[in-house]
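Good morning, and thank you for coming. Please look at the sequence and the structure on the screen while I speak.

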Amino acid sequence: AGISLAERAWLKAKQSLIDRGMNWLQQPDCHMIAWHHEDYPATLRIVSSPPPFLFVRGNKELLWHRQVGIVGSRQPSASGLENAYSFAKHLAGNGLLVTSGLARGIDGAAHLGALSVGPTIAALATGPDLAFPSSHQDLYERIVENGAVVTEHPPGIPALRSHFPARNRLIAGLSQGILVMEAAIQSGALITARIAAELGKEVMAVPGSIHNPMAFGCHQLIREGAHLVEQAEEVAHI
């Protein structure tokens, strides 16, 4: 029996993704790392449902470096942005690799702070060839040139809502500890922190104003046992 038009379209789309992935792998510093390969980071093997494959663009050796994840709100205060930048710059300048999720707000500021003195890693909710949000295309390119991006999604896969919690487990798994700068009670940053806690990683949070809803998630984490952090030096020991 012949295949339907819908099946034919699906097969064509799937072949297009395969072709895109094969072409991507031919480019410099583009890697696919299988779970059984020696380059697969040991810290990711213990996360819930570890990705069978990692797609990395940039310096794959950085995945094994001692890392701290800095996460927080997409709509932070001006002081939150300043803190994310300055903390990341200090930590990157003292031998820690800053890992975050390339999102607007705290993530972007943390990447920029780290890039001012060294490399950084971005865990993506897309394929390794896409920047999300698109406004971070220039930041994505700088990270690829000076650090690495990592994802479980093959080239060409767009950002979907379900990808973000999964992306957060990559940040938690790769990092020795997670620092939450500003976050609402319901936020992806708190998901990342709780995954890290379940993995036995150190969870840290910067307190904020009782009048700032973006601080309430950090306060909740501190109530639950996260380390209260006021200075970047307090993070450097992880």
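I shall speak about aromatic rings, then a pair of helices, and finally the nonpolar cores.

This is a predicted model, in which local features need pLDDT of at least 70 and side-chain atom pairs count only at pLDDT 80 or more, while totals for chains, interfaces and linings use all residues. Residues are numbered from 1 along each chain as its sequence is written, and side-chain values use heavy atoms, with hydrogens and water left out.

How many aromatic pairs does the structure hold? There are three; rings of Phe, Tyr and Trp (its six-membered ring) pair if their centres lie within 6.5 Å, and planes under 30 degrees apart count as stacked, over 60 as edge-to-face and the rest as tilted. Trp24 and Phe55 form an edge-to-face pair, because their ring centres are 6.3 Å apart and their planes stand at 65°. Since Trp24 belongs to helix 1 (residues 5–25) and Phe55 to strand 2 (residues 53–58), the pair ties together parts that are 31 residues apart in sequence. Helices (H or I, at least four residues) and strands (E, at least two) are DSSP runs, numbered from the N terminus. Both Trp24 and Phe55 are buried; buried means under 20% relative accessible area, exposed over 50%, and partly exposed in between (1.4 Å probe, protein chains only).

A tilted pair joins Trp35 and Tyr40, at 6.4 Å centre to centre and 55° between the planes. Is Tyr40 buried or exposed? Tyr40 is buried, at 0% relative accessibility, whereas Trp35 is partly exposed at 38%. Over the ring of Trp35 sits the charged end of Arg45, 4.6 Å from the ring centre; the criterion is NZ of Lys or CZ of Arg within 6 Å of the centre and within 35 degrees of the ring normal.

Next, the helices. The axes of helix 2 (residues 78–92) and helix 3 (residues 106–115) come within 7 Å and cross at roughly 35°; axes are lines fitted to C-alpha atoms, for helices over the stretch in contact, with angles from 0 to 180 degrees between N-to-C directions. Residues in contact (heavy atoms within 4.5 Å) include Ala84 of helix 2 and Ile106 of helix 3.

Finally, the cores. The largest nonpolar core has 31 residues, and Val150 and Val180 have the most contacts inside it; such a core is a set of buried Ala, Val, Leu, Ile, Met, Phe, Trp, Tyr and Cys residues joined through side-chain atoms within 4.5 Å. Helix 6 gives the largest share, five residues.
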